[in-house]
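The structure is shown first, and the description follows.

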Amino acid sequence: MNFHSPEADRTTEMKPRPRSPAEAAIPKIVWSPPDLLRLLSALAHGWRWIAAAPIVAVAATIGYLMFTDPTYEVGAQLMVRFGNELSAPPTVSTQSSQQVIPISKRLEDITAEVQIMKDPQILRRVVEDLGEDFFYGEDEAVTFFQRAKRLLKHSVTLVKEQARAVLVSLGILPELSRLDRVIAALQLYLSVEHVSRSDVIELKLAYPDPRLGEEVLRRFIGAYLAKRESIYTDSQISTFFSGELERIDRSLAEAEDSYSADRQRLAAWSVEDQRGLAVQRREALLRELREAVSTLSVTRTRIAEIDRQMAAQPEWIASSTSQQPNTLREALELKQYDLKLQVQAESRRAGSRSPLVEGLSEQIRDLDVYLSGQPARMAGEDVTQANPLRGALAKDRGEADMLLAATTARMDGLRRDVAAVEGELKSLEEASLALTRKARDVERLRLTRQRFQQGSDEARIAEQIAAAQISNVAVIAAPEAGVMPASPRTVRLLLLALALSVVAACSVILLLDALRPRIRNNRDILQHVGGATIVRAVASRGDRR
């Protein structure tokens, strides 16, 4: 588009309509097509720039390719098929006339699998399992080119980190850890797509190292299958049984240890044998104690009788030649009295019908018959002497006192022994009860553990069967990287650099020519100076001649 004066308008063959003075004061804008020869002439004058631009662009592209890590595309394919859970039940025979309900796959099933793969937790689990060194580790630089490439790479990374730190401090970008940035990059470069009109899910991952990319995608598929198994299977039952088995095992170990300690403490004899011996020893001690009590009672009775008889007998008696006591009769009477005391004691201890009592009674009757023939007094000297009956009674009293003291001491010892035996019996009974209770607890815990172990095995088998039945996703193409890098594409990038450099050089040349026009022919002179100016210049030149 050019601005023309009224004088230049007259040179055209078209006759414009008459213009008003106001219109004549405003320059008229007239569109004229670009001059192709003029553009080509400008490009021809700048051929050096057009020739140098592709060379610079190719050199820059080659440098970029040399210092840039290539990216490989790692791909894998999974197919959603009819799994074992969709097969006919084993009760349906293929040779029978039973009909199996037809089952068809829905688009929603494949979409659900795609959405499970897009769960961010799967990528996070893969990244955390591989660790930071897997993604940020570098091989040792050996050659000069490798060291220069690493230096340039670290410099660019440092600049990016500083720029990101500034943006984070301004609140424009969130603060992320190195692993979080890896997760964000994998989410960007991992593609999960459903192949249209098929049952195939295609996974693509752009990664600089093909082998590491295959490992990442392989871990991703494993984490996806584990996530899918956790979704479609219920592990709460096995978890419950595992927790209960751990608690029961601890309780059973404690019960068995306590039971073994008690058995070792009572290892010499069994509790029942020790209890039987203690009961026999207690019965013997009680029998001896009863005999001692009976002896003590008889002795006290005898002492009381002796005291009564000694009180009735004088200390001294008169003796003469004409009459004196019959000593044989007195001895027989003492013997009869002693037998009577024994009869009373045995009657209290064993009863009046015991053989010993009857034998003693028979002796007393014989003594009565013998005493009936003996006189009470006999002829003798008339002298005074000590009463022999009182002396005999005093002797019997001393013997009875000694027997009483010995019986009392023996009773005290027997009571202590009975108390000790009863304490031993009580401890044995308590130990027996505790041992029986612990044995019952051990048996109960063993039965409980057996039932829970059976339940755990059944739950584990059910989970394994359920996991085996979830088989409608198959890996039909394992993760594999391409032979050639996916990006950058060398040939296309070079051609694109060539084309863009030529276009850029031409654009710059034409822009500079438009901003700073050059006069190359008479037409350019006429366009920029005007015809009237040329005529006046020629006329003034003729006048000077």
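## Surface and core

Val156 is partly exposed, with a relative accessible area of 39%; buried means under 20%, exposed over 50% and partly exposed in between, with a 1.4 Å probe and protein chains only. The model is predicted, so local features need pLDDT of at least 70 and side-chain atom pairs pLDDT 80 or more, while totals for chains, interfaces and linings use all residues. Residues are numbered from 1 along each chain as its sequence is written, and side-chain values use heavy atoms, without hydrogens and water.

Val156 is found in helix 8 (helices are DSSP runs of H or I, at least four residues, numbered from the N terminus). The other residue in this table, Thr299, belongs to helix 12 (residues 271-312).

| Residue | Relative accessible area | State |
|---|---|---|
| Val156 | 39% | partly exposed |
| Thr299 | 4% | buried |

Thr299 touches Ala400, Leu403 and Leu404, leaving out residues up to four places away in sequence; contact means heavy atoms within 4.5 Å.

The largest nonpolar core has 32 residues, of which Phe135, Leu186, Leu203 and Phe220 touch the most other members. Such a core is a set of buried Ala, Val, Leu, Ile, Met, Phe, Trp, Tyr and Cys residues joined through side-chain atoms within 4.5 Å. Helix 10 (residues 210-232) supplies the largest share of this core, 6 residues. Apart from this core lies another, of 14 residues, including Leu289 and Leu414.

Terms used: Helices (H or I, at least four residues) and strands (E, at least two) are DSSP runs, numbered from the N terminus.
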